[in-house]
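Student: I am new to this structure and would like to go through it step by step. Could we look at it together, with a question for each part?

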Amino acid sequence: MADTSIGTPEQLRDPNYTPALHRAVPLGIQHVLAMFVSNVTPAIIIAGAAGFGFGSDAGAQGFPDMTYLIQMSMLFAGIATLFQTIGFGPVGARLPIVQGTSFAFIPIMIPLVAGKGVEALPALFGGVVIGGLFHTFIGTFIGKVRFALPPLVTGLVVTMIGLALVKVGIEYAAGGVPAKANDLPEYGSLLNWSAALVVVFVTLALKFYAKGMLAVSAVVIGIVVGYFYAMAMGMVTLDGIATSWDRAATISFPSPFKYGFEISIAAVVGFCLMAFVSAVETVGDVSGITKGGAGREATEKEITGATYADGVGTALAGVFGGFPNTSFSQNVGLIAMTGVMSRHVVTIGAIFLIICGLVPKVGAVINTIPIEVLGGGVIVMFGMVVAAGISMLSDVNWNRRNMVIFAIALSVGLGLQLDPKAVQYLPDTLHILMTSGLLPAAVIAIVLNLILPEELADEATEEVSGGMSGHGEGSLKKDTVETTV
């Protein structure tokens with residue numbers, strides 16, 4: 001329900017309306033809180049996968065590289081958001097779109113950096129920059145290729161992203177990847193799990209029994225409560241917090257190509273292919289914002305501008321050590337909840353993110369969050385990614401054809417993800433791309449959706465599904481094929 005004390009109904013639906021400052025500032029910070037944890041989590045995951053995150057030797061120096069990656073995640077989420085809200089030239093939708101680090105690319109990034117340390121980052125960021133430029137190019141024809149990415153494909157891809165990441169949440173909650181790799185006895189201990197479960201239960205309680213910003217910021221609040229629980233249990237000490245705070249600079253500016261720049265075919269192909277998925281996600285978010293906030297359809301100019309901002313924001317982030325940016329769907333729901341369509345409110349949130357990104361002490365405090373506490377939040381977030389994918393799949397007409405496409409794509413993608421050695425003799429580039437699981441599943445689904453005939457014989461479906469297609473004989477005969485554009 002929109003708060004009419006902020007403005008008239010007409011003003012609240014106007015992206016160019018600016019509420020009074022004392023109203024606009026808290027509204028802007030709300031948008032930041034709704035995405036804050038999700039925005040910095042990819043940096044922590046990639047640092048951990050590379051081997052300079054939690055539990056590594058870098059801890060003795062205060063995790064300087066992970067702190068920098070967190071800092072860049074905040075800084076360039078803010079800058080990319082300004083591209084969307086203020087815009088320049090054709091770049092930006094001029095709508096209240098919040099940008100942030102994308103989860104979608106994590107399954108691609110983990111195989112690229114796994115165990116390789118900081119030395120893996122030049123190729124990674126080379127892929128981010130080129131992928132961002134390609135993403136910008138996609139904006140010129142995104143409207144023309146949407147037919148190739150119906151809910152069957154996008155829902156499958158989002159579900160695969162979540163399935164690829166849920167393992168990370170469990171490992172974090174149990175004590176972290178290094179503890180697991182070194183077979184430490186505390187891995188999976190009741191203490192570790194208790195910290196994670198505090199976060200999960202607090203988040204659930206707020207999601208179901210609270211309203212407004214308490215519900216929207218449930219994960220952030222859950223992690224804060226888990227943090228204090230960890231302090232009470234001795235998992236975090238005031239001395240450790242003070243040491244991390246003192247080691248971090250008060251203000252620091254980003255360095256272009258801090259880790260170098262390198263072209264890796266696997267990285268470039270992976271980021272460019274995932275750019276399509278990210279672009280379609282942004283199209284959906286833009287449509288959701290205009291429908292929920294203004295009661296209208298998004299214009300072609302807004303969709304193109306939003307996609308341009310995605311790509312430019314990603315390429316610029318890659319130059320300075322940031323990860324791919326995309327629109328954050330959490331804020332679509334927030335706009336529908338508050339009824340405030342003002343892009344200037346989100347601009348205030350972007351400025352807050354930029355300030356946080358320029359102050360390394362913010363990243364230093366985030367570094368003191370126990371991995372188990374973060375794991376509780378990650379379990380919820382990545383579980384929600386899976387749920388979002390399943391929600392998209394609910395729009396699919398589950399006829400015989402679509403069931404077969406989904407079955408094959410999911411089987412190959414998830415199977416390769418679970419057993420990377422199955423393709424160990426492929427060249428390195430192909431091996432990295434295949435073991436992500438995500439790309440093979442997406443490619444299979446897209447290709448089969450484009451080339452398979454629109455009808456399969458009844459007996460063919462019964463053969464491949466063992467009679468367990470989930471439809472009665474009567475409903476099978478009533479199936480119709482729909483093409484979603």
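Student: Why is helix α4 said to be largely enclosed by the rest of the structure?

Tutor: In this predicted model, helix α4 covers residues 106-113, and its buried residues include Ile106, Met109 and Leu112. These buried residues pack against α2, α5, α7, α13, α20 and α21. Helix α4 is largely enclosed because, of its eight residues, the number that are buried is seven.

Student: Which residue just after α4 takes a positive phi?

Tutor: The buried residues of α4 include Pro111, Leu112 and Val113, and the residue in question comes just after this helix. Its phi is about 70 degrees, and the residue is glycine 115.

Student: Which residues touch the most other members of the largest nonpolar core?

Tutor: This core has 118 residues, and its largest share, 12 residues, comes from α13. Apart from it lies another core, of six residues, among them Ile6, Ala24, Val340 and Val345. As a general matter, nonpolar side chains in soluble globular proteins tend to be buried together. Within the largest core, the residues that touch the most other members are Leu112, Leu124, Met274 and Phe382.

Student: Leaving aside neighbours within four places in sequence, with which residues is leucine 124 in contact?

Tutor: Leucine 124 is one of the residues that touch the most other members of the largest nonpolar core. Once its neighbours within four places in sequence are left aside, leucine 124 is in contact with Ile46, Met109, Leu112, Val113, Phe271 and Phe323.

Student: Is histidine 135 buried or exposed?

Tutor: Histidine 135 has its place in helix α5, and, leaving aside neighbours within four places in sequence, it is in contact with Ala275, Ser278, Ala279, Thr307, Asp310 and Gly311. Histidine 135 also lies 9.8 Å from glycine 313, C-alpha to C-alpha, although the two are 178 residues apart in sequence. Because its relative accessibility is 2%, and the cut-off is under 20%, histidine 135 counts as buried.

Student: How much space lies in the largest cavity?

Tutor: A search of the whole structure finds three cavities of 30 Å³ or more. The largest is lined by Ile44, Gly48, Phe54, Tyr172, Gly176, Val177, Pro178 and Ile371, with α2 and α8 each supplying at least two residues of the lining. By class, this lining has six nonpolar, two polar and no charged residues, and the space in the cavity is about 70 Å³.

Student: Which element gives the largest share of the lining of the second largest pocket?

Tutor: The second largest pocket holds about 750 Å³ of space, and of the 25 residues that line it, the closest to its centre are Ile110, Pro111, Ala164, Lys167 and Gln417. Two or more residues of the lining come from each of α2, α4, α7, α19 and α20. By class, the lining has 16 nonpolar, five polar and four charged residues. The largest share, seven residues, comes from α7.

Student: Which element has the lowest mean pLDDT?

Tutor: The protein averages a pLDDT of 84, and 91% of the residues score at least 70. Over residues 467-485, however, the pLDDT is below 50, although this stretch has 29 contacts in the model beyond near neighbours in sequence. Where pLDDT is low, the predicted coordinates should not be read in detail. The highest mean among the elements, 95, belongs to α5, while the lowest, 40, belongs to helix α23.

Methods: Residues numbered from 1 in each chain as written. Predicted model: local features only at pLDDT ≥ 70, side-chain atom pairs only at ≥ 80, totals over all residues. Heavy atoms only, no water. Buried < 20%, exposed > 50% of the residue type's maximum accessible area, 1.4 Å probe, protein only. Helix = DSSP H or I, 4+ residues; strand = E, 2+ residues; numbered from the N terminus. Contact = heavy atoms within 4.5 Å. Core = buried A, V, L, I, M, F, W, Y, C linked by side-chain atoms within 4.5 Å. 1 Å grid on protein atoms, 1.4 Å probe; cavity = no way out; pocket = protein on both sides within 12 Å on 5 of 7 lines; lining within 4 Å. Points joined across faces, edges and corners; volume = space filled by probe spheres on them. Nonpolar A, V, L, I, M, F, W, Y, C, P; charged D, E, K, R; others polar. pLDDT = per-residue confidence, 0-100.
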